[in-house]
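User: I've got a structure to go through with you. Can we take it a piece at a time, starting with the helices?

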Amino acid sequence: MKGFMKWMEEKFVPVAGKIGSQRHLAAIRDGFVGIMPIVLAGTFVVLLNNTIGVWIPAIGNILGPINGNVWWGTLAILGLLVTFSIGYNLAKSYGEDGLVAGLVSVAAFITTLPQAHGDAGWGYIHWGFLNAGGIFTGMIVAIIGTEIYVKLTKRGLIIKMPDTVPPAVGKSFAAVIPGFIVLMLFGTLTLIIDRAGLGSLYDLIFNLIQKPLMAITQGMAAVIIMPILMNLLWFFGVHGANIFEPIMQSVYLPALTENYDAIMAGGQAPHLITKAFFDSFVHLGGSGATLALILAIFIVIRKREEYKAVAKLSLPMGIFQINESVIYGIPIVLNPILFIPFLIIPGILATIAYLATATGIVPPTYVQIPWITPVGIGAFMATGAKGIGSIIAALLALVNFAIATIIYIPFVRMAEKQALDREKVKG
C-alpha cells in the first residue's frame with residue numbers, strides 16, 4: 001500500500017495536476033460552466049412541460065408554447081452557445097479580447113455548417129447542427145479558431161488606430177485581420193471537404209470522433225472506471241470533478257440531448273448513460289456519495305466529536321451535493337481507511353444503476369437536472385418526473401444511498417477505533 005501511495009504521489013498526481021490546469025481543457029470546462037444558466041433555464045421548461053403541463057392540461061396548453069419558445073432559445077442552440085463560451089474563455093486565458101474571440105468562433109462554426117437542409121433553398125441551417133449534437137464541432141472550431149486568432153494578434157497582425165479613437169472601436173479594428181483570416185481558413189476547409197464528397201466538417205467530426213467516443217463511453221467498463229478515477233484524484237487532494245468535467249460534458253451531455261429528442265418524438269432513448277445518470281445515481285451528496293458518509297458518522301461515531309462536528313456542518317451542503325467540507329474536513333484526502341470505500345462505492349453504485357437501466361427496471365435519464373438536486377428528487381426529475389418509471393428511479397437512488405451508507409459504516413468504525421488507539425498511545 002505504501003509503495004502504491006508513493007507511486008501515485010510521485011507519478012500520477014503531478015500528471016493529473018498538469019491535465020487539470022491545461023489551458024484548452026480548462027477553457028472547455030469553464031465554457032460549459034459559463035452556459036450553465038442557459039442550460040438550467042432550458043431544463044426547467046422541459047420539467048414544467050413534463051410535470052405541470054401533463055398533470056394540469058389547462059395550464060399545459062398555455063405553458064406549452066411558451067416553454068417551447070424558451071427551449072428553442074436554450075437547449076436547441078447549445079452547440080452554438082458552447083462554441084462562443086469556449087472561444088471566449090480560451091482567449092481570456094491568453095489575455096486577449098474574449099468577446100471578439102467568442103464571436104469569431106461562432107462565425108467560424110456557422111461557416112463550416114451545410115447551408116441547406118432537405119428541399120430548403122441555400123442558406124437554411126437545420127437546428128440539429130446547433131444543438132448538443134454540434135458540441136464537438138463547436139469545441140474543435142472554437143479551440144483552433146481562437147488559437148489562430150490569438151497567435152496572429154500577438155504577432156501584431158492587426159490594424160492599429162490612433163489613441164484618440166474610442167477603445168471599443170480600436171478593439172474592433174484590431175480584430176479585423178485575424179478574424180478575417182480565421183474565417184477564410186474555415187471557409188476554405190469547408191469547400192475542400194464538400195468537393196471531396198465528405199459532406200461537412202460536422203459530418204467528419206461526428207463520424208470519426210463523436211460517434212465512436214460516445215459508443216466507448218456508453219460501455220459498462222467506462223461507466224464504472226470514470227467515477228473511480230475521479231475519486232482517486234480527490235483522494236490526493238486534486239479536484240477530480242473539475243478534471244473530468246470536460247469529458248463528462250462533451251460526451252454525456254449530447255447523449256442526454258439525444259435521449260430527450262428521441263423520447264419527445266415518441267421513440268426510445270438511444271443511450272443508457274448521460275451526465276444526469278451520474279448525478280442521479282452515483283454522486284449522491286457529491287463525489288464518493290459522501291452524504292452517505294455523513295449518515296454513517298451519525299450512526300456509528302460515539303466518541304470522536306470532531307467527526308460529528310464536521311458532519312453536522314457538512315450536512316446542509318451535502319444534501320445539495322456539495323462535499324468539499326467533508327473531503328477536506330474529515331478528511332478523506334490521504335486518509336488510508338476512508339480511501340477504500342470512497343474509491344469503491346462509485347463503481348458499485350454505477351454498476352447497480354447501469355444494470356437497472358439496461359434491464360429496463362428504470363427508464364434512461366433524458367432531462368438535465370441541476371447537479372445540486374437532492375438524492376431521489378434528482379433521479380425522479382431526470383427520468384421525466386412522471387409515471388411509475390420515475391418513481392422507481394427515485395427509489396433506486398435511495399437504495400444506492402442506503403448501500404453506500406452500509407459500506408461506509410465499518411470503515412467509519414475502523415477510523416474511530418484507530419484514532420482512539422492513537423490517543424491511548426500518546427496518553
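User: Is helix 15 mostly covered or mostly open, and how many of its 11 residues are buried?

Analyst: Keep in mind that this is a predicted model. Buried here means under 20% relative accessible area. In helix 15 (residues 290–300), that label goes to Thr-290, Leu-291, Ala-292, Leu-293, Ile-294, Ala-296, Ile-297 and Val-300. So helix 15 is mostly covered, and the buried count out of 11 is eight.

User: Which helices each supply at least two residues of the nonpolar patch?

Analyst: The patch sits on the surface, and its members include Leu-295, Phe-298, Ile-299, Leu-315, Met-317 and Ile-319, with about 790 Å² of accessible area for the whole patch. Helix 15 spans residues 290–300, while the other contributor covers 305–319. The two are helix 15 and helix 16.

User: Ile-322 is in that patch too. Is Ile-322 buried, partly exposed or exposed?

Analyst: Ile-322 lies in the loop between helix 16 and helix 17 (324–329). Ile-322 comes out at 32%, so the class is partly exposed.

User: Now the inside: which element gives the most to the lining of the largest cavity?

Analyst: There are two cavities of 30 Å³ or more, and the largest holds about 140 Å³ of space. Its lining has 17 residues, with Leu-75, Leu-256, Thr-257, Tyr-260 and Tyr-366 closest to the centre. Helix 3 (36–50) and helix 13 (240–264) each give two or more residues. With five residues, the top contributor is helix 13.

User: And how many lining residues of the largest cavity are nonpolar?

Analyst: Four of the lining residues are polar and one is charged. The nonpolar count is 12.

Key:
Residues are numbered from 1 along each chain as its sequence is written. This is a predicted model: local features need pLDDT of at least 70, side-chain atom pairs count only at pLDDT 80 or more; totals for chains, interfaces and linings use all residues. Side-chain values use heavy atoms; hydrogens and water are left out. On a 1 Å grid over the protein atoms alone, a cavity is a set of points where a 1.4 Å probe fits but cannot get out, and a pocket is an open set with protein on both sides within 12 Å along at least five of seven lines; lining residues have an atom within 4 Å of a point. Grid points are joined across faces, edges and corners, and a volume is the space filled by probe spheres set on the points. Helices (H or I, at least four residues) and strands (E, at least two) are DSSP runs, numbered from the N terminus. Ala, Val, Leu, Ile, Met, Phe, Trp, Tyr, Cys and Pro count as nonpolar, Asp, Glu, Lys and Arg as charged, and the others, Gly among them, as polar. Buried means under 20% relative accessible area, exposed over 50%, partly exposed in between (1.4 Å probe, protein chains only). Patches are made of residues with over 30% relative accessible area and no salt bridge: like charges are joined within 9 Å, nonpolar side chains (Val, Leu, Ile, Met, Phe, Trp, Tyr) within 5 Å. Accessible areas come from the Shrake-Rupley method with a 1.4 Å probe; for residues, only the protein chains shown count as cover. A salt bridge is a side-chain nitrogen of Lys or Arg within 4 Å of a carboxyl oxygen of Asp or Glu.
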